[in-house]
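Have the viewer open while you read.

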Amino acid sequence: MHVLIVEDDPKTAALLASALRQEEFEVSNVADGESGLQLALAGNFDVLLVDIMLPKRTGLSLVRELRQQGRTTPVIMLSARGEVEQRVEGLNAGADDYLPKPFAMSELLARLRSLLRRNVGHKPTVLGLADLTYDVGTRETRRAGKRIELSSRESLLLECLFRAEGGVVSRRDIITSVWEYDFDPGTNLVDVYVRRLREKIDRDHSPALIQTVRGFGYALRLQP
Amino acid sequence: MTLRRRISFYYAATLSVSLVIVAFWSWFEFNEQRDAALHGGAEAAMKHNPLVETVEIILLGGLPALLLGIIGGSLLMQRALRPIEELTEVLETTTASNLAEPVPRSGNGDELDRMTAVFNGMKERLGASFTQAREFTLHASHELKTPLTILHGTLEQMIEDGATPITHRERITSMLEEVQRLSGIVGQLAFLAKADAGLLDSSRSTVALHELVRDLVEDLTLLSAAQNITITLHDCQPVHVTGDRMRLRQLLLILGDNAVKHNHKNGGITLALHQGEAHATFRITNTGPALPPELRPRVFDRFFRGDPSHSSTVEGSGLGLSIAESIAKSHHGSLVFQVLEDTRTQLTLTLPAGQK
């Protein structure tokens with residue numbers, strides 16, 4: 001997997017590169033929009049990470065030009081301006097995802113993985129882990145064959161954890177996909193819902209599947 | 001013409017007209033007396049009592065002159081002072097939001113025109129410092145985001161790095177949590193700066209407020225379960241308002257969360273939504289320690305966290321209610337804080353009613 005990072009702040013770029021290399025991605029780096037575009041058009045990248053505020057050519061213009069040239073390489077925009085309009089503008093320009101700063105590396109990696117998966121285009125309808133199954137279409141949830149009743153938000157939460165395939169999901173990502181909030185609710189809403197989901201899924205069964213990863217978020221996986 | 005000259009001129013004009021009236025009656029009386037002396041001799045002239053003559057002059061000349069002075073004077077003064085009234089009316093409409101528009105000047109160079117110029121200068125400086133404070137917050141919050149990302153990422157890597165000793169990992173995790181808290185505050189400040197600059201009204205559509213209130217009740221039931229708080233939805237009539245759905249959800253969640261955080265064990269929260277003639281009203285009332293009266297006017301202040309002795313137990317940045325208020329204002333509504341007679345705390349949100 002080859003990632004092109006277009007970011008003018010050297011520290012952010014270095015951090016992104018090192019985090020991605022650790023996850024065994026191949027990484028290339030440029031600091032301005034124009035060379036970013038040239039490289040993206042010339043090279044064969046699997047995904048692009050593009051900052052919005054860039055010298056010579058903005059990130060938005062880069063993506064627009066790339067799409068006009070008929071390239072469908074997935075793009076994640078990064079920006080210090082996390083406002084809704086900026087997000088819409090980025091997605092309208094042709095970006096596939098938008099990550100407002102400050103973000104966690106784990107969050108970026110999760111988005112990257114889900115983007116690459118989406119690109120492969122294969123989505124199972126029944127998700128499963130150990131003896132837990134979840135049907136995406138009907139929202140039917142079973143543990144050890146026994147049916148579990150979940151509220152609509154609890155189902156969405158479970159689905160969101162499933163989709164990360166064992167990866168850590170940040171509170172912000174949970175808020176975005178379950179509540180569709182574009183803001184930080186400043187409450188422990190997520191923790192409360194996770195606790196409730198855990199009671200329904202893990203209390204009478206073992207092994208426990210919902211893991212708390214302190215400082216990061218939650219993951220649905222078997223205890224490592 | 002300066003104001004002083006205009007007033008002096010009007011004063012002199014009124015005085016002159018009064019003088020002419022008095023002079024005319026005096027002339028008339030003297031003439032009469034002279035005619036009487038010429039035709040009837042001294043005896044006839046003596047019939048005219050000087051006292052009566054003076055009273056006659058006062059009654060027939062002085063009184064009308066006095067009346068004219070009062071009526072004419074007040075009319076003229078009103079005219080002379082009208083520019084002051086006009087200026088006062090304009091000044092009364094000055095608020096923080098129209099500091100950029102100068103008060104129109106008469107341009108005639110009088111004292112009021114000069115005062116308007118001085119006021120406009122003051123307004124401009126005030127506006128500039130308002131803008132500066134706003135832009136400072138906006139820029140500061142933007143500038144902080146990149147370093148926060150780097151800090152967060154570096155700490156994440158340190159935790160995942162196998163070479164980091166377990167004892168350090170615990171401390172780094174708590175640092176990471178603080179960075180997240182800081183990121184949250186920075187985000188809220190950016191939001192408030194945007195609201196101050198009047199940039200909040202991004203999307204407007206018809207929002208079914210009653211649905212948002214029902215969603216809120218669902219979330220509150222879970223949020224308050226640990227404290228065993230009873231949630232009561234008193235009334236939830238179908239209410240539609242025009243606004244930004246996301247911001248209204250944010251506003252309701254802030255109010256709900258506030259009612260849970262400032263509550264006590266086994267307490268209660270009641271919610272009610274009403275549709276009035278021109279307004280939709282949402283009330284949320286919670287039990288819990290009431291805010292001391294001297295602190296009540298400050299509830300919407302930024303970073304205000306109530307009684308300092310309680311603040312350590314209550315989580316939050318102290319920006320929630322300011323954000324809620326700015327969302328209400330951006331929807332042309334209002335948010336009012338009250339402590340009821342039974343010491344319960346009540347927040348009332350009023351929004352202009354939209355089309356059904």
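Is B:Asn266 buried or exposed? Point 1 takes that up; keep in mind throughout that this is a predicted model.

1. B:Asn266 is exposed, with 10 other C-beta atoms within 10 Å. The cut-off for calling a residue exposed is 12 or fewer such neighbours, so B:Asn266 falls under that heading. Its backbone deserves a look too: phi is positive, about 60 degrees, although B:Asn266 is not a glycine. You'll find B:Asn266 in the loop between H6 and E4 of chain B.

2. A:Arg139 is not a glycine either, yet has a positive phi of about 65 degrees. A:Arg139 sits in the loop between strand E7 (132-135) and strand E8 (141-143) of chain A.

3. While you're checking backbone geometry, go to the peptide bond from A:Lys101 to A:Pro102: it is cis, with omega near -5 degrees. A:Pro102 belongs to the loop between strand E5 (97-100) and helix H5 (105-120) of chain A.

4. Now helix H2 (residues 33-42) of chain A, where A:Gly33, A:Gly36, A:Leu37 and A:Ala40 are buried. Looking down the axis of H2(A), these buried residues fall within an arc of 95 degrees, so they line one face of the helix. On the face turned away from the buried side you get the exposed residues A:Gln38 and A:Ala42. The buried residues of H2(A) pack against strands E1 (2-6), E2 (26-30) and E3 (47-51), plus helix H3 (59-68), of chain A.

5. Helix H8 (residues 189-202) of chain A has 14 residues and spans 19 Å from first C-alpha to last, close to the 20 Å expected at 1.5 Å a residue. Its buried residues are A:Leu189, A:Val190, A:Tyr193, A:Val194, A:Leu197 and A:Ile201. They cover an arc of only 120 degrees around the axis, which puts them on the same side of H8(A).

6. Over in chain B, strands E4 (residues 268-275) and E5 (residues 279-286) run antiparallel and are joined by seven bridges. A hairpin of three residues connects E4(B) to E5(B). E5(B) also runs antiparallel to strand E7 (residues 345-352) of chain B, with eight bridges joining them.

7. On domains, chain B is divided into domain 1 (3-93), domain 2 (133-196) and domain 3 (205-352). The centres of domains 2 and 3 of chain B, taken over C-alpha atoms, are 28 Å apart. Their contact takes six residues from domain 2 and seven residues from domain 3. The domain 2 side has four nonpolar, two polar and no charged residues.

8. Last, the contact between the chains: 29 residues from chain B and 30 residues from chain A. On the chain B side, the elements giving two or more residues are helices H3 (111-160), H4 (166-196), H5 (209-223) and H6 (245-261). H3(B) has the largest share, twelve residues. By class, the chain B side has eight nonpolar, 15 polar and six charged residues.

Key. Residues numbered from 1 in each chain as written. Chains lettered and ligands numbered in written order. Predicted model: local features only at pLDDT ≥ 70, side-chain atom pairs only at ≥ 80, totals over all residues. Buried ≥ 20, exposed ≤ 12 C-beta atoms within 10 Å, placed from the backbone. Helix = DSSP H or I, 4+ residues; strand = E, 2+ residues; numbered from the N terminus. Arc of directions from axis to C-beta. Contact = placed C-beta atoms within 7 Å. Expected span 1.5 Å × (residues − 1). Domains from an automatic or database assignment. Nonpolar A, V, L, I, M, F, W, Y, C, P; charged D, E, K, R; others polar. Pairing = 2+ DSSP bridges.
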